[in-house]
Amino acid sequence: MPANRPAIRELGRADYDTVFAAMRAFTDARTPDTPDELWIVEHPPVYTLGLGADPGHILSAHDIPVVQTDRGGEVTYHGPGQVVIYLLMDLRRNKPGGKLYARQFVNKIEQAVIDVLAAYNLAGERVDGAPGIYIAEGPRKGAKIAALGLKVRGNGCTYHGVSLNVAMDLAPFTWINPCGYSGLATVDMRTMGVEAPLHDVQQALAQALVRHLAVEPEAATINSN
């Protein structure tokens with residue numbers, strides 16, 4: 001039997017508020033049989049705050065809208081030239097024989113980002129206690145290139161997701177403490193010397209996520225006497 005693969009939906013450029021409302025509506029309405037989906041989107045400039053975020057980490061919004069969300073994490077920035085993929089998944093069916101736990105889910109998402117960066121000859125790495133992906137080597141080692149924030153409801157259904165900086169105006173990151181860290185450097189792929197069309201990176205990350213998150217059906221058990 002083929003693996004259960006999340007469907008990919010391309011939303012183009014869309015306002016954050018509209019997509020945030022749509023994610024919640026989708027999750028409210030889904031049933032145990034609703035297929036999982038990945039939503040690819042590019043947002044106009046917006047700052048978003050996690051549930052426990054300190055608004056003081058927004059140093060100066062510069063007229064960029066600030067939206068309170070229900071994801072985990074602190075403040076982050078979304079804007080043109082950034083891949084954003086929202087993961088509308090049911091973790092209860094994402095592991096043969098049982099649910100996929102949140103930490104495993106995060107690990108798979110991070111690995112998908114690392115794989116995509118490697119395809120463009122960039123080395124990414126995890127940092128303990130700081131979700132997301134960071135440059136692993138060179139003079140910009142430790143700079144953040146991808147952010148991650150999720151909502152996992154009590155029934156195991158998720159939304160929000162991951163962002164990867166491709167070719168952005170990075171100035172808005174300097175007007176906040178990214179993810180709550182004062183002075184955290186933020187980079188994009190262009191800064192790292194990679195010129196890649198946004199659409200190409202969107203597709204590459206979506207396919208990497210599908211590979212890591214596809215649910216392999218449980219093998220049939222054959223009894224022999």
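Predicted model: local features only at pLDDT ≥ 70, side-chain atom pairs only at ≥ 80, totals over all residues.
Local features need pLDDT of at least 70, and side-chain atom pairs count only at pLDDT 80 or more, whereas totals for chains, interfaces and linings use all residues. Residues are numbered from 1 along each chain as its sequence is written, and side-chain values use heavy atoms, with hydrogens and water left out.

Q: Which strands stand at the edges of the open sheet of three strands?
A: Strands are DSSP runs of E with at least two residues, numbered from the N terminus, and helices are runs of H or I with at least four; two strands pair if DSSP finds at least two bridges between them. The sheet has mixed pairing and the order β4-β3-β5. Each edge strand has a single partner, so one side of each is left without a neighbour in the sheet; these strands are β4 (66–68) and β5 (75–78).

Q: Is T48 buried or exposed?
A: T48 is found in strand β3. Among the residues it touches, leaving aside those up to four places away in sequence, are Y16, V67 and V75, where contact means heavy atoms within 4.5 Å. Buried means under 20% relative accessible area, exposed over 50% and partly exposed in between, with a 1.4 Å probe and protein chains only. Because its relative accessibility is 0%, T48 counts as buried.

Q: Which element gives the most residues to the lining of the largest cavity?
A: A cavity is a set of points, on a 1 Å grid over the protein atoms alone, where a 1.4 Å probe fits but cannot get out; lining residues have an atom within 4 Å of a point. The largest cavity holds about 80 Å³ of space, and T76, K144, A147, F173 and T186 are the closest to its centre of the 13 lining residues. Two or more lining residues come from each of β5, β9 (144–152) and β10 (158–165). The most, four residues, come from β9.

Q: Which residue in the turn of the hairpin formed by β7 and β8 has a positive phi?
A: Strands β7 (residues 124–127) and β8 (residues 130–135) pair in the antiparallel sense over three bridges, and E125 has Y134 in β8 as its bridge partner. Two residues lie between the strands. The positive phi, of about 80 degrees, belongs to G129.

How values were computed
1 Å grid on protein atoms, 1.4 Å probe; cavity = no way out; pocket = protein on both sides within 12 Å on 5 of 7 lines; lining within 4 Å. Points joined across faces, edges and corners; volume = space filled by probe spheres on them.
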